[in-house]
Amino acid sequence: MRNQIEFVVHGKYALFTDPVTRIGGEKFTYQIPTYQALKGIVESVYWKPTITWYIDEVRVMNSIQTEVKAVRPIKYQNDGNDLMYYTYLRNPIYQVRAHFEFNENRPDLAYDYNEHKHHNIAKRSVKRGGRRDVFLGTRECQGYVEACQFGEGESFYDDYGEVSFGPMFHGFTYPDEGDQESFQTRLWVPTMRNGIISFIRPENCEIVRTIHKDKMKQFKKGSNFTSVEEEYEDMFKGVEK
Amino acid sequence: MSWMQQLSQVYDHNQSQVGKFEERRKQRMTLLPVSHVMQSAQIEILITPEGEFSNAKVIEKENARTIVPATTASANRSNTSAPHYMHDKLAYVAGDYVKHGGAAKHEEHYNDYSRQMKEWAQSDQTSWKIQAIYSYISKGSVIEDLVNAKILPVDVSNMVFDKWPSREKGEKPDIYKVVTNGALSAFVRFDVMHESPDEPVVWEDSGLFDSFIRFLEKTNEQTKGYCYVTGNYTTLTTQHGSRIRNAGDMAKLISANDSSGYTYRGRFANPTEAVQIGYDVSQQAHHALRWLIQRQGTYVDSRYFVTFGLEQPEVPEPFESTAELFEEDIFSQSLQELGEQQVITEDLVAEELNKALQGMNHTLEKENLENIVVIALDAATKGRLAVVYYQHLKVDLFYKAILHWHTSCRWLQIYQEEETNKIKSYVGTPSTYRMAEAVYGSKADSRIKKELYTRLLPCIIEQKPIPKDIVQIIFNRVKNPFSFNNSNESWGSTLNIACALINKQYEREGYTVALQENNSSRDYLFGRLLGIAEVMERRILKERQDNRATNATRYFNAFSQHPARTWLVIRKQLTPYFERSGNSTGFYAMLLQKIEDRITVEKMTNEPLSPVFLLGYSSQIQDLYTKKEENKNDVIEA
């Protein structure tokens with residue numbers, strides 16, 4: 001696919017919290033990563049407001065195993081500690097395939113619609129393990145990105161057949177990638193075929209729920225971002241050209 | 001699929017069980033209908049179809065379980081007024097509660113209750129029974145009637161005695177034997193005179209359950225939306241069930257907590273923004289889980305484990321011993337007889353187990369039933385319950401795993417038959433309960449033991465290797481036979497359990513209870529040496545009716561740490577026995593010589609022995625004790 005990148009992401013643990021258990025705090029993980037979690041990982045690798053990342057496929061490499069940990073999180077409103085059981089996925093390894101498209105909601109950034117440039121930056125970023133630190137689901141589950149060929153190597157689920165996971169959270173639609181005025185949640189029913197989950201595009205999710213009104217973040221040249229030319233000038237001010 | 005969806009599937013598949021009582025573990029239980037809760041009642045009032053008081057009685061504890069129609073508010077009520085329907089506490093059902101000594105703040109309770117009942121009685125989902133009950137309770141004379149029926153005793157000013165005053169003469173009335181918090185907190189259930197003998201009582205009448213469910217659907221205008229569990233557009237709820245593990249358990253699996261913990265804050269303003277859950281799926285999942293736990297759950301400390309099939313809940317319990325898995329005594333008859341002829345019952349048991357499991361597996365598969373779920377729950381704090389283990393397997397994998405566990409983690413198990421007090425033995429897997437006792441000692445904290453259960457679960461149902469530290473702990477305990485003195489535990493049975501676990505750890509090497517003559521691993525041979533020394537000395541001491549510990553036992557620990565050096569010591573101390581007893585010990589001397597020869601010079605070191613040495617020891621002892629006849633022949637030869 002055009003503008004596609006492929007990488008493998010792995011970590012010691014992952015926690016893609018099931019929203020049902022999220023609100024109480026005793027977090028229990030989904031068995032597979034959500035679209036949104038993978039999108040977050042790709043955005044950590046490389047992101048600009050000009051582009052929107054789409055996750056095409058994920059390949060689950062290791063068998064799905066969970067491990068429970070008793071944790072002592074700090075309470076939000078006071079200095080005390082709480083006691084909780086969190087259930088993590090152990091030794092997760094995922095191969096991911098994603099591509100970007102330009103964000104039609106940002107015509108003001110149209111001058112930056114340079115496919116070749118963004119694709120190359122993205123590929124370079126993957127090679128270097130991403131630009132920001134990567135985590136699998138929740139912040140304490142640090143992940144590591146490496147370039148790979150999607151489909152190479154052996155997966156535990158290679159000849160496993162089909163597994164259905166029932167309705168799951170797909171992702172959020174933020175105003176800047178949706179209708180510009182609301183914050184939405186999407187649900188879908190994923191199926192894993194021989195370890196591979198092909199994601200449907202966000203706009204194809206049948207179940208969409210508007211959570212509340214929200215507005216798009218504005219990017220104004222000179223006030224909350226600077227162009228690369230200005231940045232260059234600024235950086236190399238004192239240097240002889 | 002998520003655990004909630006799985007559980008609600010169990011509910012769907014067992015719809016026929018709803019409201020039907022069965023007795024298990026000496027308790028009556030049932031799968032509750034949606035929108036109903038289980039409560040214990042203490043007083044039963046029978047009324048006539050016209051709504052007149054007929055009579056009343058105090059209910060004994062065994063029959064107290066009552067299915068009560070409830071709203072989400074009443075099922076989760078704490079201090080505020082939130083009445084159930086139909087049956088409830090005196091404070092709700094009695095219009096004259098305050099008049100007879102109840103706290104004044106409970107005035108509202110009755111009003112709320114009767115308003116609710118009126119709605120149901122006047123709706124099109126009503127039945128003549130509900131109307132009869134409503135017309136009775138609207139008289140507001142429940143306590144008065146109970147007083148007249150001599151259920152509730154009153155003092156001179158017509159106030160109910162909340163507690164039976166000790167100065168009062170006569171026998172304590174029955175009501176005080178069943179209530180825990182005072183007579184005024186008693187729970188009342190109503191029944192309407194039956195027209196025919198096979199008519200169910202009101203609280204077990206499935207027709208009434210359905211009519212209540214429909215009534216609630218129509219009247220309760222609740223918010224609708226997409227359910228995150230089923231994906232359906234449906235009626236939602238924010239209140240979820242408690243009392244999942246037992247009647248006093250207020251911990252909830254689903255709760256919203258952001259005022260004290262950082263759980264969803266950020267994107268969302270309130271819990272319903274973060275997740276929405278359907279009323280039906282929540283009710284069904286919680287009822288199913290409660291039912292399964294009561295029916296077939298096990299628990300250690302606060303942790304509850306339950307294994308169930310989605311379509312047919314009954315499946316083998318992973319924590320059971322091989323004997324328990326066979327229910328009662330398949331070993332007693334044919335197997336035991338065979339076993340007496342040949343010590344090697346290992347394959348026999350495995351074969352029988354395989355047959356039995358395949359039988360069970362077969363009945364399951366035949367009906368296309370193919371999923372099994374293992375789930376464990378625990379609460380770190382009082383209020384919130386967490387899923388701490390969840391595994392969803394295909395049925396054939398599950399049975400394969402259970403069979404594998406019972407054929408790889410096994411050793412000689414000795415038990416006393418309850419009826420005959422006979423000591424019987426078989427080769428099989430001890431129960432997880434006994435393993436926990438053996439690893440940590442019977443006096444260990446149950447919080448430690450529950451971790452062992454949780455850690456063994458993957459070994460049992462996912463065929464994972466056994467954690468090494470568990471084997472090491474029990475090995476260290478068994479190494480010190482003297483630490484078992486003055487305790488109720490038996491060193492021998494702990495040794496057997498240790499051997500089962502060691503056997504599991506060294507699964508690939510294929511150790512058997514039957515002595516492996518050709519095994520020349522260092523640990524195994526040293527174990528055999530110690531075994532021979534033990535049996536020989538024990539025999540001689542027994543002949544002399546001397547009850548002291550053998551040298552082998554005394555040096556057990558030292559032997560495992562410095563085998564070569566300690567063996568020299570033991571060997572030296574055996575010398576007098578050889579000299580004095582003459583020919584009868586010749587066989588042992590020969591055996592020892594044979595094994596010593598096989599331990600080469602490189603192996604004859606003081607490097608500590610691995611747990612495998614226990615296997616050699618146990619097998620050797622077993623061999624010498626059971627092959628008496630053969631031995632005698634050997635003696636002559638030697």
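A salt bridge, for this tour, is a side-chain nitrogen of Lys or Arg within 4 Å of a carboxyl oxygen of Asp or Glu. Before clicking, note that this is a predicted model, where local features need pLDDT of at least 70 and side-chain atom pairs count only at pLDDT 80 or more, while totals for chains, interfaces and linings use all residues. Residues are numbered from 1 along each chain as its sequence is written, chains are lettered from A and ligands numbered from 1 in written order, and side-chain values use heavy atoms, with hydrogens and water left out.

**Stop one: salt bridges in chain A**

Select E57(A) and R97(A): their side chains form a salt bridge, at 2.8 Å from N to O. E57(A) sits in strand β3 (residues 51-60) and R97(A) in strand β6 of chain A, 40 residues apart; helices (H or I, at least four residues) and strands (E, at least two) are DSSP runs, numbered from the N terminus. Color by accessibility, with buried meaning under 20% relative accessible area, exposed over 50% and partly exposed in between (1.4 Å probe, protein chains only). E57(A) comes out buried at 17%, and R97(A) partly exposed at 22%.

Next, pick E177(A) and K39(A), whose closest N and O atoms are 2.4 Å apart in another salt bridge. E177(A) is in the loop between β10 (168-173) and β11, and K39(A) is in helix α2 (residues 35-45), so this pair ties together parts of chain A that are 138 residues apart in sequence. K39(A) is buried at 5%, whereas E177(A) is partly exposed at 25%.

**Stop two: where the chains meet**

Show both chains. How many residues of chain A are in contact with chain B? There are 36, against 45 residues of chain B, contact being heavy atoms within 4.5 Å. The buried area (accessible area, 1.4 Å probe, that two parts lose on being put together, summed over both) is about 3,700 Å², with 58% from carbon and sulfur atoms. On the chain A side, highlight I23(A), Y85(A) and R209(A), which lose the most area to chain B and together make up 20% of what that side buries.

Two salt bridges run between chain A and chain B. Zoom in on R384(B) and D82(A), which meet in a salt bridge at 3.2 Å, N to O.

**Stop three: the cores of chain B**

Now select W3(B), I45(B), L90(B), M117(B), L152(B) and I175(B), the residues that touch the most other members of the largest nonpolar core, which has 144 residues. Such a core is a set of buried Ala, Val, Leu, Ile, Met, Phe, Trp, Tyr and Cys residues joined through side-chain atoms within 4.5 Å. Helix α10 (residues 279-296) of chain B gives this core its largest share, eight residues. Apart from it lies another core, of 89 residues, including L325(B) and A498(B).

Center on I45(B): beyond its neighbours within four places in sequence, its contacts include F53(B), Y136(B), L146(B) and F190(B).

**Last stop: loops and a network**

Finish with K464(B) and E462(B), a salt bridge at 2.9 Å between the closest N and O atoms. Then select D301(B), R303(B), D378(B), K450(B) and E451(B), which salt bridges with shared partners join into one network.
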